[in-house]
Amino acid sequence: MTDTPEPAIRPATEADLPAIVAMLADDPLGATRESPEDLTPYRTALERLSGDPNQHVVVAVRAGRVVGTLQLTIVPGLSRQGATRAIIEGVRVHADERGSGLGTRFIEWAIEKSRAENCTLVQLTSDGTRTDAHRFYERLGFTASHVGFKLQL
């Protein structure tokens, strides 16, 4: 936790990738699926995401240091009378910043951005083992209304 002013939230750049990938890998699930030693696939992904106006990969920077990241995807759709929805993915807060309010600020940013994009729904998934994250999202007003399914390809 820090007394430093509120972090700036800005688009991620290639220079941010080492910090982003380190945060993605800094938990039991991420440690098994991320590779901080080889940033090549992450560079390719960020380049692709940066070229898509419906993708918003952002970082939080406090005192010149990347301390959080998330991805917000805007998805136009036909269901719900042609509603546009937003999907929040890859939310990570640096271990030193947990409990500082940064996670709440990040989700508030994503909701505000979703409203600005005329979304009518914000959704996210969270691994079933992340019970602390589930409580966090519920505290912010999200409901566990659906069961998610994934198929590894």
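Mentor: E1 and E2 form an antiparallel pair that is held over four bridges. Within this pairing, Ala-8 has Val-61 of E2 as its bridge partner. Please bear in mind that the model is a predicted one.

The pair belongs to an open sheet of five strands, in which the order is E1-E2-E3-E4-E5 and the pairing is mixed. The edges are taken by strand E1 (8-11) and strand E5 (121-124); each has a single partner strand, so one side of each is left without a neighbour in the sheet. From one strand to the next, the twist averages 30 degrees.

Helix H5, which covers residues 102-116, packs on this sheet and touches E1, E2, E3, E4 and E5. The direction of H5 makes about 30 degrees with that of E3.

In H1 (residues 17-25), the buried residues are Leu-17, Ile-20, Val-21, Met-23, Leu-24 and Ala-25.

The loop between H2 and H3 contains Pro-36. Leaving aside residues up to four places away in sequence, Pro-36 touches Val-21 and Ala-25, both of which are among the buried residues of H1. The C-alpha atom of Pro-36 is separated by 8.7 Å from that of Leu-24, although the two residues are twelve apart along the chain. Pro-36 has a relative accessible area of 36%, and therefore counts as partly exposed, because that class lies between the limits of 20% and 50%.

Finally, a word on the aromatic residues. Phe-136, Tyr-137 and Phe-142 make up one aromatic cluster, and the count of aromatic pairs comes to two. One of the pairs is that of Tyr-137 and Phe-142, which is edge-to-face, with 6.0 Å centre to centre and 70 degrees between the planes. Tyr-137 counts as buried, since its relative accessibility is 11%. Phe-142 is likewise buried, with a relative accessible area of 16%.

Key:
Residues numbered from 1 in each chain as written. Predicted model: local features only at pLDDT ≥ 70, side-chain atom pairs only at ≥ 80, totals over all residues. Heavy atoms only, no water. Buried < 20%, exposed > 50% of the residue type's maximum accessible area, 1.4 Å probe, protein only. Helix = DSSP H or I, 4+ residues; strand = E, 2+ residues; numbered from the N terminus. Pairing = 2+ DSSP bridges. Axes fitted to C-alpha atoms, helices over the stretch in contact; angles between N-to-C directions. Contact = heavy atoms within 4.5 Å. Phe/Tyr/Trp six-rings, centres within 6.5 Å; stacked < 30°, edge-to-face > 60°.
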